[in-house]
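Visitor: I have a structure open and would like to learn how to read its features. Could you walk me through them?

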Amino acid sequence: MEQKAGYEKPDQEKEFVKEITPRSVDFSQWYIDVVLKAKMMDYAPIKGFMAIRPSGYALWEKIQEQMDRRFKETGHQNAYFPLFIPHELLEKEAEHVEGFSPEVAWVTKGGDEILSEPLVVRPTSEAIICDFYSRWVQSWRDLPVLINQWCNVVRWEKSTRPFLRTSEFLWQEGHTCHRTEEEAEEEALKMLEVYRECIETELAIPAVVGRKTEREKFAGALRTYTVEALMSDGRGLQAGTSHNLGQHFAKVFDITFLDKDDQLKHVWQTSWGVSTRLIGALIMVHGDDRGLIIPPRLATFQAVIVPILTKKDRKRVLESVQELADQLQGNIRVKLDDREEYSPGWKFNDWEMRGVPLRIEIGPKDLDRGQVVLVRRDSGEKFFVPREELPTLLPGLLDQIQDDMLKKALEFREANTRSGSDYAEFKQIMEEKRGFYMASWCGDAACEEKVKDDTKATIRCILFDQQPADENCLVCDKKAKEVVYFARAY
RNA sequence: CGGGGCGUAGCGCAGUUUGGCAGCGCACUUGGUUUGGGACCAAGGGGUCGCCGGUUCAAAUCCGGCCGCCCCGACCA
């Protein structure tokens, strides 16, 4: 039996929804159960594809809204580029095509006609966008180009998991052109920080930033930066990436401009993206054995009001909750669940499974006492509060929940981030406890490869501005150059 | 691509060994009673047993072929 990291003690109450496999039994099955039972997605009749259902898509819309706002604030504009890419364009950048060709989907026919020039469905849009940029950029006055697109991409994956790796997924890809290398580097790092901050603030996920190794970097990039998060089973997940593309694409796609000094130069480019994978991260960082826990800032409904209806008091309870719902609208995002065909207990379980941060219960007894029952989804805490205090109390409580969720995730990550210089100990930790392991590395791909063979762990990122604490490489014991995080990753 | 498992109602499964009326739980529909942690009673609806072929009086069940899905590995922004 494989041991897994970081499970909570089983809840004493044992009131869990039966359909969800406990995390301690089988984390993968737990994840699948949650995404299905919370109606986040459904499997498509094609392997590796899925429908994102309204409650999953609502999360994506919130993520988009928050990311998009930050992109605009940093000077970017949205645009849209074609779904199909002529194969010859994709082929131009050698490393790029080599990286993606195993997973591209092809279009070889249009109607009844066999296409003379086959098309590929975009696995990412560098090629087609660079083709446009070569015409749009002429002068230093055209720079910088700061464009983002929200779209779908297709990568023919061999093994897939809902939200984490599907053959089609939704994402955004920023594509920028700059006059100088410094400016491109600054952009790549700026957007990396936008990702980190947004993921931390909105998704309540603490993320580590760093640089990818040669082995892990984007096909065709000069350097790849990454935002890495730790899931509650101790595995790492790449939550976003930002690339300094250098002039690789500019040279093959001929994106040139006449600079102030009258010299014809190639632009320096970046690209950066986050995808619907973030939804998977959200589930795996915050979820528990009852299902999802959505941070208040991203929740479609921040609180759900469940009336307790009895035959005698039905009418006055219904009137009262309606009044409360009206009163709270505009203050917080609230949902009144006044369906009479479901029992309160059923609703409690259902809304918990779907992760609504707060539940407000109101029954006859509460009406008599002028109070409501509040239940926090994240902690399970239950309290009785005077009804008139709700409008002032709720926004603060939601902020508190958001903070507590981030704090809890951060504590988990810290407790599961270890460091050391003993390779045997490292192997044991990757096998038993997992989590992040910080260590010194010589920079040699062979050591990276050996770790993978021995432990299935990979270098998630090279930390910025860190001098190796240990002088020697964790693996080969030669002089170390970098400090890296190892983890088994999704 | 390699190893293992599975395919029967919307979902989860039994039935296959030993061929003989297509079953159970949940969900769904209608009516009634209920409602403070997945309520109860009654009456209903729902099937190309993955597909194609073979054996047989008779196939979910036996035989052959094919397809698909899941898990583990390999590969993988």
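**Cysteines**

Guide: Let's start with Cys198, which is buried, with a relative accessible area of 1%; buried means under 20% relative accessible area, exposed over 50% and partly exposed in between (1.4 Å probe, protein chains only). Before we go on: this is a predicted model, in which local features need pLDDT of at least 70, side-chain atom pairs count only at pLDDT 80 or more, and totals for chains, interfaces and linings use all residues. Residues are numbered from 1 along each chain as its sequence is written, chains are lettered from A and ligands numbered from 1 in the order in which they are written, and side-chain values use heavy atoms, with hydrogens and water left out.

Visitor: How many disulfides does the structure hold?

Guide: A disulfide is a covalent bond between the sulfur atoms of two cysteines. The test here is a pair of cysteine sulfur atoms within 2.5 Å, and the structure holds zero disulfides. For Cys198, the nearest cysteine sulfur belongs to Cys151, 18 Å away.

Visitor: What is the overall make-up of chain A?

Guide: Chain A has 14 helices and 23 strands, where helices (H or I, at least four residues) and strands (E, at least two) are DSSP runs numbered from the N terminus. Its radius of gyration is 25 Å, close to the 23 Å that the globule rule gives for 490 residues, so chain A is as compact as a globular protein of that length. That radius is taken over C-alpha atoms, and the rule is 2.2 Å times the number of residues to the power 0.38. Along its principal axes, the C-alpha trace spans about 85 × 55 × 50 Å.

Visitor: What share of chain A is buried, and how do contacts run along the sequence?

Guide: Buried residues account for 55% of the 490 residues. A contact means heavy atoms within 4.5 Å; among contacts between residues at least 6 apart in sequence, 69% join residues at least 24 apart.

Visitor: Which residues make the nonpolar surface patch?

Guide: Patches are made of residues with over 30% relative accessible area and no salt bridge, with like charges joined within 9 Å and nonpolar side chains (Val, Leu, Ile, Met, Phe, Trp, Tyr) within 5 Å. A salt bridge is a side-chain nitrogen of Lys or Arg within 4 Å of a carboxyl oxygen of Asp or Glu. Tyr80, Leu83 and Phe84 form a patch of about 290 Å². Leu83 sits in the loop between strand 3 (77-78) and strand 4 (84-86) and is partly exposed at 31%.

Visitor: Where should I look at the backbone?

Guide: Leu143 and Pro144 are joined by a cis peptide bond, with omega about -5°. Asp262 has a positive phi near 70° without being a glycine; this residue lies in the loop between strand 12 (256-258) and strand 13 (264-266) and is exposed at 59%.

Note on methods: Accessible areas come from the Shrake-Rupley method with a 1.4 Å probe; for residues, only the protein chains shown count as cover.
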